[in-house]
Amino acid sequence: MSSNSITVSRAAQGLRGTITVPGDKSISHRVAILGALGTGSMQVRNYLCSEDCINTLRAMQQLGAEVTPGDCEQNFTLTGTGMQPTAPARDIDCGNSGTGMRLMAGVLASLPFRSRMFGDASLSSRPMKRIIDPLASMGARITACGEKPGCAPLEIEGGTVSPIHYDLPMASAQVKSAVLLAGMLAEGRTSVHQPAITRDHTERLFEHFGIPCTVSEDGLDIAVEGPVVPQNKDITVPGDISSAAFWLVAASIVPGSEVTLLNVGLNPTRDAIITVLRRMGADITITNITEGGEPYGDITVRAPQKLVATEVLKPEIPNLIDEIPVLAVAAAFAEGTTRIRNAAELRVKESDRIATVVGNLRAMGANVEEFPDGMEITGGAPLHGATMDCYGDHRIAMSFLMAGLNADGETTLHNCHSINTSYPGFETHLRSLTQG
Ligand code: S3P
């Protein structure tokens with residue numbers, strides 16, 4: 001567990017070393033859900049043992065899935081219920097995780113029992129109508145009981161759902177996946193159209209678990225044919241590129257750095273952070289690429305001579321949505337004005353990430369302009385250390401600790417326990433890479 005406050009100062013010698021970032025969060029949630037419904041046992045390796053994904057795994061155990069420990073916490077045998085789940089005895093705690101709650105809603109709505117999901121203060125203020133609406137049109141009965149309209153806790157009266165075609169109003173992999181997971185349990189063909197390509201882990205895992213799924217050539221239309229029971233098959237979760245992104249940026253902004261990150265997921269719907277950082281002049285080399293269900297490889301990043309500003313393109317936004325806070329930090333060290341627009345979705349993440357990034361960048365002396373759908377950052381002004389909150393948001397905490405590694409004086413982030421929702425061991429990696 002990360003301590004509550006973390007303080008860093010300039011990494012004068014640069015960041016140096018080789019680390020393996022923890023397993024991918026998006027993939028871990030999906031493996032737990034599909035494996036819990038599936039038939040038979042599977043070895044799961046490198047599962048992300050962060051609070052978010054542990055909550056999802058516990059929820060699946062409540063539905064009757066069995067977890068047999070392996071040689072380390074991240075490796076275990078998951079035995080599914082063969083689509084004969086039991087009603088959860090207690091309300092399901094989703095903690096901080098929008099992904100866990102939204103994906104499980106798709107499944108729970110389609111199972112023959114009542115369930116209730118709740119989360120922490122941040123999750124209880126995030127929009128759930130985006131999944132309730134399409135699931136309701138499939139016949140699901142979900143009530144948002146939160147103080148804030150349309151928000152968790154969610155009460156679900158499960159039952160038979162019918163297939164639909166759904167046009168996603170926003171580029172959201174969670175909404176897409178909630179509908180596809182319900183579709184997997186419905187009789188017939190459920191299809192979605194997304195306005196832009198979003199992470200495709202659900203589609204790739206459908207293939208892994210033998211679930212018939214078709215994707216159009218442009219990647220925007222996806223269909224699943226139900227009802228179907230996942231066939232459990234061993235899987236290794238690659239490292240999370242969203243966690244790797246902190247070190248990609250840190251090593252690009254701190255002179256003298258050279259960091260290697262092993263076995264990082266390189267799914268093309270998740271790798272725009274690499275494309276955009278390279279466009280800014282980052283020195284990133286990828287080796288040992290292994291293709292397969294989810295491609296992965298080793299990434300080496302060395303501090304470049306300088307970084308230059310860029311404009312993040314609209315189709316790139318969903319592909320690096322979780323990396324925008326740390327990308328904004330890189331932009332503060334780049335020559336010129338970096339434009340990040342078309343990213344209003346950031347306002348409904350674990351915090352309002354436009355407001356929290358802009359506020360914290362300003363606290364460190366950066367020049368940044370806020371827009372309803374993003375920000376423009378003019379780099380070059382040296383940053384100074386500051387004491388900041390992360391607003392319960394793991395990615396805000398880690399992003400501004402990275403900024404502190406190339407700022408004058410000390411940078412302290414309060415409430416860093418949120419880091420444990422996605423990156424257990426972060427502080428150990430921080431210390432090992434900065435102690436040269
Ligand atoms: C996720 C999708 C994204 C992302 C989140 C994980 C997923 O959210 O921000 O961290 O695993 O499907 P949206 O679907 O809301 O864009």
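How far is an oxygen atom of the ligand from an N or O atom in the side chain of aspartate 322?

Reply: The distance between an oxygen atom of the ligand and an N or O atom in the side chain of aspartate 322 is 2.6 Å. This is a predicted model, in which local features need pLDDT of at least 70 and side-chain atom pairs count only at pLDDT 80 or more, while totals for chains, interfaces and linings use all residues. Residues are numbered from 1 along each chain as its sequence is written, and side-chain values use heavy atoms, with hydrogens and water left out.

For serine 172, a polar side-chain atom is 2.7 Å from a ligand oxygen. A polar contact here is a pair of N or O atoms within 3.5 Å. The ligand taken alone exposes 390 Å², and the protein buries 95% of that area (Shrake-Rupley method, 1.4 Å probe).

The ligand takes up the space of the largest pocket. A pocket is an open set of points on a 1 Å grid over the protein atoms alone, where a 1.4 Å probe fits, with protein on both sides within 12 Å along at least five of seven lines. A molecule sits in a pocket if more than half of its atoms lie within 2 Å of its grid points.

Now the whole shell. Around the ligand are Ser26, Arg30, Thr99, Ala171, Ser172, Ala173, Gln174, Arg199, Ile321, Asp322 and Lys349, each with a heavy atom within 4 Å of it. By class, three residues of this shell are nonpolar, four are polar and four are charged (Asp, Glu, Lys and Arg count as charged).

Residues of the shell come from both domain 1 (5–23 + 239–434) and domain 2 (25–223), so the ligand lies between the two domains. The domain bounds come from an automatic or database assignment.

Definitions and conventions. Polar contact = N/O pair within 3.5 Å; in protein donor to acceptor, adjacent residues only side chain to side chain. 1 Å grid on protein atoms, 1.4 Å probe; cavity = no way out; pocket = protein on both sides within 12 Å on 5 of 7 lines; lining within 4 Å.
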